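Me: I have a protein model open and would like to learn how to read it. Could you take me through some features one at a time?

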Amino acid sequence: MSVSETRESALGAYLRDRRTKLDPASFGLPLTRRRTPGLRREEVAQRANVSATWYTWLEQGRGGAPSADVLDRIARALMLTDAEREHLYILGLGHPPEVRYRIDDSVTPRLQRLVDALEFSPAMIKNATWDVVAWNRAFATVLTDYGSLPAERRNILRVIFGDPHVRAAQFDWESVARYVVGVFRADIARAGATARVAALVDELSQISPDFERLWRDNDVLSHGGGVKRLRHPILGEVSFEYSAFAVDGRPDLGLVVYNPATPEDRERVKALIKSSNGILDAASSARRVRDSA
C-alpha cells in the first residue's frame, strides 16, 4: 500500500470514528431506524455542503485528497476541537492547518509561569499581530517594560518604529527594521490577519517613513533565531542569542527567548536584574493601584 493510500485509509477511519460519536438528537435529527450510532454519512455531507457520494468515498479511502476548505467544512460539520481539526489536516493533507488569528490574546497561568521561570533570560509571548501578551521580569528590566505601556500600545512594531530609544539601541537599525517588517508580513498572512492589521499599518506608515518604505518592499522573511546586539543604556554593548518557538495548542502565539550570548553578558545581565527587582516591584504595585482607580 502506498503512502497516499495509507493516508486515505487513516483519514476514512478517523472520519467514521468522529461521525459515529456524534449525538443525532443534539442536531435535531430523528432517532428512528438508525442501525449504527452517530450521524449518517449523508447528514455529515449535508452539514459540510459536499456531495454525499464523495463523502462516502472519502470515508472508504478512495475520495482523493480533499482541499483545505473542504476539510474545514467537514471539521465544522463534525464539531471537531482545534486538536481534532489539526489531526484531520495531518491525515488529509500531510501537514497541520495554517495558523488562525484569534481575538483572545490571553495566556494561561501555566504559560506565564514558564516565562517567569526564565529568571535571567528575557522572554515574551506575542500573538499573530505582534501584540505582546506576556513577558517576564528579565524582559522588562533589560529590553522593554511592556507593563509601563497602555495595553493598546504593547505592540512590537509600535515600539520598534515609535520609540527613538529602541532605535538608538540597535547596532544596525536598517537590518533590524527590514527583518522585523518581513517576518511580521509573513506572520499576519499565515494567520489570515492582514485585514485585521490594516489600521496598524496605516498608523505606522503615517508616523514612520522607514516603516512605509520597508512595507512597500513586500519582503517576506522567517523567524527562527539569531544574535541580537544592543547598545544598552546601562550595560553598554551586550549580545543575546534569540530563539522563537510556537506554543503547542496555540499556534497563533509565539514565544521568543533571549539568552545572553557570552558568560560575561550573562553575569552583567544577572547583576542588572537583581539590582532592579525592587524598582520593578514598586512600579508594578503603582500600576496596579493606578489601574484599579
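Reply: Happy to! Let's start with axes: these are lines fitted to C-alpha atoms, for helices over the stretch in contact, and angles run from 0 to 180 degrees between N-to-C directions. Helices (H or I, at least four residues) and strands (E, at least two) are DSSP runs, numbered from the N terminus. This is a predicted model, where local features need pLDDT of at least 70 and side-chain atom pairs count only at pLDDT 80 or more, while totals for chains, interfaces and linings use all residues. Residues are numbered from 1 along each chain as its sequence is written, and side-chain values use heavy atoms, with hydrogens and water left out.

Me: How many helices and strands does the protein have?

Reply: There are 13 helices and five strands.

Me: At what angle do α4 and α5 pack?

Reply: Two packed helices are described by the angle between their axes and the distance between the axes. Here α4 (residues 68-77) and α5 (residues 82-93) pack at about 140 degrees, and their axes are 10 Å apart. Angles under 35 degrees count as roughly parallel, over 145 as roughly antiparallel, 65 to 115 as roughly perpendicular and the rest as oblique. The pair α4 and α5 is therefore oblique.

Me: Is the crossing of α4 and α5 left-handed or right-handed?

Reply: A crossing is left-handed if the near helix is turned anticlockwise from the far one by less than a right angle, and right-handed if clockwise. For α4 and α5 the crossing is right-handed.

Me: Which residues of α4 and α5 meet?

Reply: Contact means heavy atoms within 4.5 Å. From α4 come A68, L71, D72, I74 and A75, and they meet R85, L88, Y89, G92 and L93 of α5. For classes, Ala, Val, Leu, Ile, Met, Phe, Trp, Tyr, Cys and Pro count as nonpolar, Asp, Glu, Lys and Arg as charged, and the others, Gly among them, as polar. This contact of α4 with α5 has seven nonpolar, one polar and two charged residues.

Me: Where is M79, and is M79 buried or exposed?

Reply: Buried means under 20% relative accessible area, exposed over 50%, and partly exposed in between (1.4 Å probe, protein chains only). M79 sits in the loop between α4 and α5. With a relative accessible area of 54%, M79 is exposed. Look at its backbone too: M79 has a positive phi of about 55 degrees although it is not a glycine.

Me: What does L15 touch?

Reply: L15 lies in helix α1 (residues 3-20) and is buried, at 1% relative accessible area. Not counting residues up to four places away in sequence, L15 touches Y55, L58, E59, I74, L78 and L88. Its C-alpha atom is 9.4 Å from that of A75, although L15 and A75 are 60 residues apart along the chain.

Me: At what angle do α10 and α12 cross?

Reply: The axes of α10 (residues 173-190) and α12 cross at roughly 55 degrees and come within 10 Å. That makes α10 oblique to α12. The crossing of α10 and α12 is right-handed. Their contact divides into eight nonpolar, no polar and five charged residues.

Me: Where is N155, and which residues is N155 in contact with?

Reply: N155 is in the loop between α7 (137-142) and α8 (156-162). At 1% relative accessibility, N155 counts as buried. Leaving aside neighbours within four places in sequence, N155 is in contact with T129, W130, D131, Y146 and L200.
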